[in-house]
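Subject: Model handover

Hi,

Please look it over before reading my notes below.

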Amino acid sequence: MGLGFGLLWLLNVYLEGIHCQGVYAPPSVRIIHSGHACNVEEERYTERVYTIREGETLELTCLVTGHPRPQIRWTKTAGSASDRFQDSSVFNETLRISKIQRHQGGRYYCKAENGLGTPAIKSIRVDVYYLEDPVVTVHQSVGEAREQFYYERTVFLRCTANSNPPVRYSWRRGREYLSQGSDKGVEIYEPFFTQGETKILKLKNLRPQDYANYTCIASVRNVCGIPDKSIVFRLTNKTASPNIKLLVEDPIIANPGDTVTLVCITSGGEPTPTLTWVRNAEGLPRKSVLNGGTLTLPAITTDDAGVYSCVASNNVGNPAKKSTNIIVRALKKGRFWITPDPYHNDDNIQIGREVKISCQVEATPPDELQFSWLKNGRPLRSSERMVITQTDPDVAPGTTNLDIIDLKFTDFGTYTCMASLKNGGIPEISIDVNISSTTVPPNLTVPRGKSPLVTQEGDTVDLQCLVSGKPKPIILWSRADKEAPMPDGSLQMESYDGVLRIVNVSREMSGQYRCQTSQYNGFNVKPREAIVELIVQYPPAVEPIYTEIRQGLGRAFTLTCRVLRAHPSRVLKYEWKLGTRLLTVGDFNQRDETEYHVRALNREGYGEYTCDITNEAGAGRCTFLVTGKAYPPEFYYDTYGALWQNRPRVYGFKLQWTQMNPGAVDRIKAYRLGIKQTGQQRWWEQEIQQEGNIERGQLLTYNLTELIKPESYQVRLTPITRSGEGDSTERIIRYSPPVNPHWNKFQCSFEEEAICMFTQDKTEEFDWTRHSAATRDTKYTPNTGPSSDRTGLKQGFYMYIETSRPRVAGDKARLLSPSFSVAPKNPYGTVTTNPTYCFSFYYHMYGKHIGTLNVYLRQKAQTGSDGVVWTLSGNQGDRWRQARVNIHPTSAFQIVMEGVRGSGIEGDIAIDDVAIEEGECRDPPPSNLISSASPTGRHIWQSCVTLLLALTAHRR
């Protein structure tokens, strides 16, 4: 008896698992197209290729199944350009790109996920076809014979055109088409290193008849309806490469605000060259005016300086290029420094010692820069004791030095360095330097109490170094403890008063900062420096910041607030509240979290719980919203035959849904259903009562009637518990006219890419393949498979199993039909009699390794194995045959077409023209018919019979 009870327990667990799973299912996905496709091909074992013409509209739709409703994401990689779908993704079922461009070609992925199983991913490669206008370039070569003094001219005409797919080129002289060997003086070839990119026409030792019009025709064989394109080049005895003259000086030196005009003219070339201007291999200034070969730059600035080039091209020989450099005169960045006597240990300036004043200016052009010196406003000339030098190999260009040897009291005063350009037009720069007994080298100190400097995150803080000395130098601030940028993003920041102000200080700015004297506008001595330490305090960072907890009355739960980081790390206290009511307070010890326990939730326990964790810098808060609201319903989108119509002007819709986490809160008593026409404001509402507990995955149904054709409706569903209304869910119901209003017959010839909503069974080893004999590659499957569809058309499509490698004997492919509802006349009624349907299809089973073709009936209300209704094995000859079988479903059902691979590669099985029709088959069923599923759930009872037999055998 132990074995019997064990088997019954296993059966109970198995059925209960199926029941608990309900209609929840991982996602599956298919990609179909509805744009301007030229062609869609199935690549063997890899992906589909979608061909489209540039400028057309790409439209790809991701058809998904699964519950809850999967989220769809489109992404792109591996394009003809290295773009990543404009660095974004499209979260939508339909991907639509208007006026698609060539760089948008590549592999597009549709990814669907709903949290169950692994995400479903399908891809399709988009190939964008285009053809640009061809371009002909001409090159000439001249050879000199040794014995006789004559020249031999050979001309090469090269034709290129950017395209996808590759171009086929053809040449025509006048109206005569040229081909290799048609004329001894003509040779047509493709260079080895540019195969498929160009076609060269070589005219050897030019003859009078070679002077003619040559036409290059570029063709992509009219794919995607792209017409051929051509270009004509006229070859004459005057054909020559371009020559140009530049009627300007080089360089051109101008003052800011001047208008500069550059003139370029052609001095030769046939055909007439076209002239263009470029600057430093980049674009011209926006304000520039171009008129033929004349370029005008009004109100020129230093930003407009650079090398300007005139380029002439006529596609004969190499382009001609001549350039000129525009220099805009300028003076900027004047600065000075004082160098004490290097032969003394201290840096002081004293009478009897040497002192040097240096002055530096950036000048354009540098050779026009000139300096003069003044003392107390009077000109100063170089002498034995006052040595003025204009150039110094130890310093940067644009520097002048004033060396005062054996400093005297009378040398004290103000020295002025004057910088100017020789030809004027630019304002002078003057720099004053005071030399006196008060001129002393700098010194840096940090004020008392300013280091370490403690502040709080978000404040404004001033880091300060006191600088003494005369003149006061520029202070440079940088990070001293690590290689990190300063608050403005640079590695160094300048300060003229020794203060570094940081606004909105953050915790990352904690650390040591170095203040350091600069040699500019001060003493050229070893830099003085000091260190300031900054400590940024910030309140505790906690988790969770906000979370929602849904609980039913009477239940226990625990709230936890955790400290992630804080400075100072010593936390003072925690404080729990419900609304404004204080619950508990305490101090942290060694733990980094605090908990609050609710033993039995009552109505007063609903609300917002907060936990404030506090240190010296402030508080971090965890927020918990405890509510009895039910989770939102999950609409079920995979209902087959959800829309019906039994009256001329109205239609009905079977609305189905599951409840998310139904056991999280109190029992759902009812649903509030709201419905309105899209675009309208008024909602119609009613309540749908619920009896008993709702299980996870349980499919709930409500029939909507009296919907007006062809209007769409917005539906809102809200669960209701004793705590009130829960979260709502909305969806749109759209009317779609049925193919057959009375659903008398279903037919599918697999001509459309959507294959009539058939789907592949991903649990099997491989898939059925949609193909036509016109495109099918028979390289790997000789002597097997159909040569046309069932009607005899090679362009017609059918479904078949490819049995070539890597397939092995026994591998299965299953094709699942859409779900068909056994609907009563009244949508609220029940099925009282068992309907009969005729299922028919055509099959082609030709090849010495043919396996087996099985047909199963799968009913939704029954569990266990599918019922076999038809089967056939072995070679049936190279022709299409029809099979018909009566089926008797009692609930929504699917047809499963299973192909089983035989012993070898010559075993392709194909099907076509599948039909399901109400009523019995007109012809008697064939001999290979298997009885269809009985009105009762026979496959469940098979499991029970098996269990009883096992029990009986055990007892014996």
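Are Cys-62 and Cys-110 buried or exposed? Both are buried. Bear in mind that the model is predicted.

Disulfides

The count comes to 7 disulfides, with sulfur pairs within 2.5 Å as the cut-off.

Cys-62 is joined to Cys-110, S to S 1.6 Å. The link of Cys-62 and Cys-110 is left-handed, with -100° about the S-S bond. Cys-62 lies in strand β4 and Cys-110 in strand β7, so the pair ties together parts 48 residues apart in sequence.

Cys-561 is joined to Cys-622, S to S 2.0 Å. The torsion about this S-S bond is about 70°, so the disulfide is right-handed. Cys-561 sits in strand β45 and Cys-622 in strand β50, 61 residues apart. Both cysteines are buried.

Cys-838 and Cys-921 have their sulfur atoms 2.1 Å apart. Their link is right-handed, with 105° about the S-S bond. Cys-838 is in strand β65, while Cys-921 is in the loop between β70 and α2. Cys-838 counts as buried at 8% relative accessibility, and Cys-921 does at 12%.

Cys-611 is in no disulfide. The nearest cysteine sulfur, that of Cys-561, is 3.9 Å away. Cys-611 is buried, at 0% relative accessible area.

Sheet

An open, mixed sheet has 5 strands in the order β30-β31-β27-β26-β42. β30 and β42 each have a single partner strand, so one side of each is left without a neighbour in the sheet. β26 and β42 run parallel, joined by 2 bridges. Trp-337 stands opposite Gly-522 in β42.

Best wishes

Notes
Residues numbered from 1 in each chain as written. Predicted model: local features only at pLDDT ≥ 70, side-chain atom pairs only at ≥ 80, totals over all residues. Heavy atoms only, no water. Pairing = 2+ DSSP bridges. Helix = DSSP H or I, 4+ residues; strand = E, 2+ residues; numbered from the N terminus. Buried < 20%, exposed > 50% of the residue type's maximum accessible area, 1.4 Å probe, protein only.
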